[in-house]
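The following exercises concern one protein chain.

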Amino acid sequence: MASSLLLPPPTASPLFSRSAFPTPTARFCFSPARCELTDAVNGKPRVPVLNDQTLPKYLQSRRLENAVNKNINNEIKIFSGTGNLMLSQEIAKYMGLNLGGIRIKRFADGEIYVQLQESVRGCDVYLVQPTCPPANENLMELLIMIDACRRASAKNITAVIPYFGYARADRKTQGRESISAKLVANLITEAGADRVLACDIHSGQSMGYFDIPVDHVYCQPVILDYLASKKICSGDLVVVSPDVGGVARARAFAKKLSDAPLAIVDKRRSGHNVAEVMNLIGDVKGKVAVMLDDMIDTAGTIAKGAELLHDVGAREVYACSTHAVFSPPAIERLSSGLFHEVIVTNTLPVSEENYFPQLTVLSVANLMGETIRRVHDDCSVSSIFQ
């Protein structure tokens, strides 16, 4: 007698039963999904998520895996080029992070080699590299670092450029000139950067050359805090712009410096890195003059301006600048006794042989670290400078 295989009667499946498919006359009825809020992280609440009890087990495990991956993907990593390693370390220390491992070397013919020593897949990467001297090498190094991160599948790449070189070539003043600022902006964008963070760009219109977001960090608060500690009588202060192009910058600085009066040095430039002072607009007699510029290159402009200020009766002259390029013969001019104090920041590294008694170097690491944190957390950056 042939044996027969008895199968249990089919059971109704909640997913595939006939009742799961509505008839033309049936109505859809939805029950509200139960949600719960997770704890706030750094004061920022997370998006509500479904309660685990409302999901099948295989979806629960998948959601847990996605949550772990999401936390990894939101990781922030900071890498430094060879341009200003000390500043990068200070920024990382402020943010409670360690600099990411990166290998940078140069071949015998001068070619640059970059290799990341750790995974950046899905991470928000910040590359700190100013275009300080040698400008072309440091710029090329930044471009190769961006390319390495892009090919390593970084989620977002932000080029942190404390000193943005070529910004002075932002327009054509004569025929057949190049606009190098636009060219460099295109190179950084095409290399794969998603955002640029730069300090005190020489001219504001250079930000418009980028087709990606640009966060402009103003270093004036660092210098203002230091000057406030000098306890100079506000009635004795006068802010001096070394040229007509820096009037807007000097006016904003003077407004925050106890609304000090403003003076302007009129200069006529006969060539690159060569300046000739003509006259002074404003009164500085018997006052403490604070000369403000975005950079000091050869110090020709600011030194000639200081000579004029002393000639018209200024009591003391302070030189304040964000970027200490210090190309020869800047040190000789700045240390010649014209200035009571020269105040700069560490957006560019200042070598030991360029130090002189009147020089004061302020750190912008906390300011830049706070800016990076706000960019990463999608918070306002402009509120730092208000």
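**Exercise 1.** Does serine 203 count as buried or exposed, and why?

*Solution.* The model is a predicted one. The relative accessibility of serine 203 is 9%. Buried means under 20%. Serine 203 therefore counts as buried.

**Exercise 2.** Determine where serine 203 lies and which residues it touches.

*Solution.* Step 1: serine 203 belongs to the loop that runs between strand S8 (195-199) and strand S9 (214-217). Step 2: leaving aside residues up to four places away in sequence, the residues touched by serine 203 are Ala167 and Asp170. Step 3: with aspartate 170 there is a polar contact, side chain to side chain, at 2.4 Å.

**Exercise 3.** Describe the aromatic pairs and the setting of their rings.

*Solution.* Step 1: the structure contains 3 aromatic pairs. Step 2: one of them joins phenylalanine 107 and tyrosine 113, with 6.1 Å centre to centre and 70° between the planes, an edge-to-face arrangement. Step 3: both partners count as partly exposed, phenylalanine 107 at 40% relative accessibility and tyrosine 113 at 27%. Step 4: another pair is formed by phenylalanine 164 and phenylalanine 210; it is tilted, with 5.7 Å centre to centre and 55° between the planes. Step 5: phenylalanine 164 is in the loop between strand S7 (156-161) and helix H4 (180-191), and phenylalanine 210 is in the loop between S8 and S9, so this pair ties together parts 46 residues apart in sequence. Step 6: phenylalanine 164 and phenylalanine 210 are both buried. Step 7: the ring of tyrosine 113 also has the charged end of lysine 105 over it, 5.3 Å from the ring centre.

**Exercise 4.** Summarise the chain as a whole.

*Solution.* Step 1: the chain has 9 helices and 16 strands. Step 2: 43% of its 386 residues count as buried. Step 3: of the contacts between residues at least 6 apart in sequence, 62% join residues at least 24 apart.

Definitions and conventions
Residues are numbered from 1 along each chain as its sequence is written. This is a predicted model: local features need pLDDT of at least 70, side-chain atom pairs count only at pLDDT 80 or more; totals for chains, interfaces and linings use all residues. Side-chain values use heavy atoms; hydrogens and water are left out. Helices (H or I, at least four residues) and strands (E, at least two) are DSSP runs, numbered from the N terminus. Buried means under 20% relative accessible area, exposed over 50%, partly exposed in between (1.4 Å probe, protein chains only). A polar contact is a pair of N or O atoms within 3.5 Å; within protein, one must be able to donate a hydrogen and the other to accept it, and residues adjacent in sequence count only if both atoms are side-chain atoms. Contact means heavy atoms within 4.5 Å. Rings of Phe, Tyr and Trp (its six-membered ring) pair if their centres lie within 6.5 Å; planes under 30 degrees apart count as stacked, over 60 as edge-to-face and the rest as tilted. A charge sits over a ring if NZ of Lys or CZ of Arg is within 6 Å of the ring centre and within 35 degrees of the ring normal.
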